[in-house]
Amino acid sequence: MKKRKDRFLYYVIKSAVKLFYPNMQIVGSENIPERDAIIIANHSQMNGPICAELFMPDNSRIWCAGQMMHLKEVPAYAFEDFWSAKPALLKPFYKLLSYIIAPLAVCVFNNARTIAVYHDQRGLSTFKNTISELKNGSTIVIFPEGKKLNNNVVNEFNEHFADVAKLYAKSSGKELLFVPMYIAPDLKQIHVMKGVRFDSQNDIDVERKRICREMTDAITEKARSLPRHKVVPYDNISKKKYLTNKDINEVPR
């Protein structure tokens, strides 16, 4: 009964978000493969996961922080990831908020089209579930940005997402396609570019770096080729500090 109630609540929340969230145009939808692919996108704060859930094909499965699926783990993770950079005076409010949102987060993330991502001893389940979904015909969506600044469009990627392709090639004999995607909320657009094929014959360290570089370069180049707009960064910073896609020489170092 509780699962049915949670499912119903999730659909109510999703419907409300879809009603008020801007309709995003997908440019380059022909570049989204039907299967055997991983889409790599900029996180754009919460815009990335929202866009993936609302606008990506039905067979999409989205990597998300596993901590957001467990009631006891939400507050610490949410505060650190979303609000730890807030002014000291406001931190008590955001700590309280992290507890308030916990039940809602658990409902949403457990009912959305998600795959839990862990960086502890549970990490093996992330890869097992991802490979299982790929074999069932799903396309995986990953937002691999970390905290370290790269350029005015994306932060540096956590590169171990590419390991999925090595494991998938070993178990299925198929080479995954990594597809870069740029989310531009300011333009109300999602741009999907041509994919890059993983080479399982290469050393995995080489392939991790190559895939990350090609994904980063494609996303950055696409962003900079578009009309001037504010880039929504990974970090939860003041909108006054947002850079534009044209601020190539103004990235703080």
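In the predicted model, Thr130 is buried, with a relative accessible area of 0%. Thr130 belongs to helix H6, which spans residues 123-135. When neighbours within four places in sequence are left aside, the residues in contact with Thr130 are Trp63, Ile115, Ile140 and Val164.

One of these contacts, Ile140, is part of strand E5. Ile140 is likewise counted as buried, its relative accessibility being 0%, a value that falls under the 20% limit for that class. Residues up to four places away in sequence not being counted, Ile140 touches Ala37, Ile38 and Ile39, together with Arg61 and Trp63. Ile39 and Ile140 are 101 residues apart along the chain, yet their C-alpha atoms are separated by 6.1 Å.

Strand E5 covers residues 139-142, and its side chains are arranged in two directions. Thr139 and Val141 point one way, whereas Ile140 and Ile142 point the other way. All four of these residues are buried.

Strand E5 pairs with two other strands. Strand E2 (residues 37-41) runs parallel to E5, and the pairing comprises three bridges. In this pairing, Ile38 of the chain is placed opposite Ile140 in E5. Strand E3 (residues 60-65) also pairs with E5 in the parallel sense, again over three bridges. Here Val141 in E5 is the bridge partner of Ile62.

Phe8, Leu9, Val12 and Leu104 make up a nonpolar surface patch of about 380 Å². Helix H1 (residues 2-20) supplies the largest share of the patch, namely three residues. Leu104, in turn, is located in helix H5, residues 102-111. With a relative accessible area of 44%, Leu104 is classed as partly exposed, because this class lies between the 20% limit for buried residues and the 50% limit for exposed ones. The value for Leu104 also meets the requirement of over 30% relative accessible area that applies to patch residues.

Terms used. Residues numbered from 1 in each chain as written. Predicted model: local features only at pLDDT ≥ 70, side-chain atom pairs only at ≥ 80, totals over all residues. Heavy atoms only, no water. Patch = residues over 30% accessible without salt bridge, like charges linked within 9 Å, V, L, I, M, F, W, Y side chains within 5 Å. Areas by Shrake-Rupley, 256 points an atom, 1.4 Å probe, with all protein chains shown as cover. Salt bridge = Lys/Arg side-chain N within 4 Å of Asp/Glu carboxyl O. Helix = DSSP H or I, 4+ residues; strand = E, 2+ residues; numbered from the N terminus. Buried < 20%, exposed > 50% of the residue type's maximum accessible area, 1.4 Å probe, protein only. Contact = heavy atoms within 4.5 Å. Pairing = 2+ DSSP bridges.
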